[in-house]
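Please open the model in your viewer and keep a selection panel at hand.

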Amino acid sequence: MGRARLRGKYVYPGIALAAIGLAAALVIGLPDRPALAQSQQSSAVFLPDGKLKLPTGFRNWVFVGGPLTPNGLNGGKANFPEFHNVYVEARNLDAYKKTGSFPEGTLIVKELTLVLKPTFPDGSRTEPSGRGFFNGAFNGIDATVKDTKRFAKTNGWGFVTFGHHALPYAASAAESSVSECAGCHMANVAKTDMTWVQFYPLLRDK
Amino acid sequence: MKSRWNWACALSTVAMLAVTGSSQSSETRGATFTKAGELMLPKGYRKWMFIGASITPNGLNSGSAPFPEFHSVYVELDNFRSYQKNGKFPEGTVMVKELSLVQPGKHPDGSLDSASGRGYFPGSLNGLDVMVKDSARFSKTNNWGFFTFGHHAQPYNATAKESSTTECASCHIANVAKTDMVWVRYYPLLSVQID
């Protein structure tokens with residue numbers, strides 16, 4: 001009992017203080033502390049049927065780059081039509097920049113948009129800033145999740161598409177077949193943690 | 001017990017220092033002007049909200065686009081939310097446009113063949129333009145001031161003076177005065193009510 005009282009008097013306030021500090025740290029975020037970041041919960045949510053739930057909130061994650069493959073330059077039908085805007089959470093980006101690999105649980109989201117009202121055959125149009133391509137309607141979501149147990153057969157990453165079409169996207173989606181997604185990533189970017197870092201300045205540039 | 005107390009205090013201190021350190025080093029909020037009235041280069045903007053990226057390739061603009069070539073635009077989340085709600089940006093809003101070149105391709109239009117198709121892929125970063133909403137300071141140009149920190153590789157200029165009306169503001173005034181001087185039509189997130 002005496003020991004318990006002492007614990008109550010001296011130890012608990014100390015732990016409480018630590019808890020307050022840690023809670024503040026977790027709420028505000030610790031971009032420079034990957035060890036803590038890795039212990040945070042993944043934003044990937046799998047349903048009981050094994051499907052991945054449509055990610056939310058990703059548009060205010062960090063944008064790492066947006067390649068463009070216009071339909072007009074791809075026989076009228078690009079594989080990923082047309083802008084590919086890619087988002088990753090800050091804590092996972094920071095960890096990648098430090099270690100060269102993404103933490104377990106990392107979710108990367110690619111949102112497609114069509115180009116705005118093409119007037120040239122390549123899909124471009126002329127605006128006051130010049131001839132080029134401008135973001136049009138939203139056109140689909142693809143996502144990839146690092147889960148080395150669940151996706152051991154495809155280098156630790158699972159690939160999922162929620163449809164290449166206008167909003168709304170599918171509410172959940174099953175893993176895509178190897179030939180649809182993972183095969184190309186394994187063949188080309190296995191050495192950079194399955195990610196096309198060469199196309200994303202924030203991942204590629206030191 | 002004493003060691004636990006010390007451990008707990010140390011942990012708490014480390015946590016608090018980490019919070020303070022990260023908030024000081026990684027980001028600035030809003031606009032900071034020097035005594036001479038120049039705008040200081042914003043920091044941390046790549047972790048703001050990205051609202052869209054146009055591309056005007058040099059290959060489609062006689063070799064020299066006015067904004068070469070990808071234009072990635074960022075705004076702070078609370079200012080974005082405010083625009084979604086009210087249709088205008090709050091006083092003090094900073095919008096950052098970072099340019100990146102395309103990766104050189106073999107086609108005359110500058111496009112590149114890759115595994116995902118023929119198109120344009122971001123290459124090296126190539127400049128920074130900024131606009132700041134400050135109705136007292138920039139009343140002559142519809143409440144926004146326009147700045148460029150150079151259209152070139154990093155490092156960008158540390159400060160920038162306001163660009164002349166003909167360089168930036170006049171085109172915004174002529175074309176997008178009704179949408180708070182912003183080219184809303186190129187940034188679907190500003191006109192679609194989604195998270």
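Begin by selecting chain B, whose secondary structure comes to 4 helices and 9 strands; helices (H or I, at least four residues) and strands (E, at least two) are DSSP runs numbered from the N terminus. This is a predicted model, in which local features need pLDDT of at least 70 and side-chain atom pairs count only at pLDDT 80 or more, while totals for chains, interfaces and linings use all residues. Residues are numbered from 1 along each chain as its sequence is written, and chains are lettered from A and ligands numbered from 1 in the order in which they are written.

**The two chains**

Trace chain B from its N terminus, and the elements run α-β-β-β-α-β-β-β-β-β-β-α-α. Of its 195 residues, 42% are buried. A residue is called buried if 20 or more other C-beta atoms lie within 10 Å of its own, exposed if 12 or fewer, and partly exposed in between, with C-beta atoms placed from the backbone. Among contacts in chain B between residues at least 6 apart in sequence, 55% join residues at least 24 apart; a contact requires C-beta atoms, placed from the backbone, within 7 Å.

Now select chain A, which has 5 helices and 9 strands. Along the sequence its pattern is α-α-β-β-β-α-β-β-β-β-β-β-α-α. Buried residues make up 42% of the 206 residues in chain A.

**The sheet of chain B**

Which strands form the open sheet of 5 strands in chain B? Select β2, β3, β4, β7 and β8, which lie in the order β2-β3-β4-β7-β8 with antiparallel pairing; two strands pair if DSSP finds at least two bridges between them. At the edges stand β2 (49-55) and β8 of chain B, each with a single partner strand, so one side of each has no neighbour in the sheet. Neighbouring strands of this sheet are turned by 25 degrees against each other on average, direction ignored, the axes being lines fitted to C-alpha atoms, for helices over the stretch in contact, with angles from 0 to 180 degrees between N-to-C directions.

Zoom in on strand β7 (residues 122-133) of chain B, which is joined to β8(B) by 5 bridges in an antiparallel arrangement. Here B:Asp129 stands opposite B:Thr148 in β8(B).

**Helix α3 of chain B**

Select residues 165-176 of chain B, helix α3, where the buried residues are B:Cys168, B:Ala169 and B:His172. They cover an arc of only 75 degrees around the axis, which puts them on the same side of α3(B); the arc is that of the directions from the helix axis to the C-beta atoms. These buried residues pack against β8 (144-148) of chain B.

**Helix α4 of chain A**

Move to helix α4 (residues 178-189) of chain A, where the buried residues are A:Cys181, A:Ala182 and A:His185. Seen down the axis, they fall within an arc of 75 degrees, so they line one face of α4(A). Their cover includes β8 (157-161) of chain A. On the other side of α4(A), A:Ser179 and A:Ala187 are exposed.

**The nonpolar core**

Finally, select A:Val64, B:Ile51 and B:Val130, which touch the most other members among the 86 residues of the largest nonpolar core. Such a core is a set of buried Ala, Val, Leu, Ile, Met, Phe, Trp, Tyr and Cys residues joined through C-beta atoms within 7 Å. Leaving aside residues up to four places away in sequence, B:Ile51 touches B:Val73, B:Val75, B:Phe80, B:Tyr187, B:Leu189 and B:Leu190.

Key
Contact = placed C-beta atoms within 7 Å.
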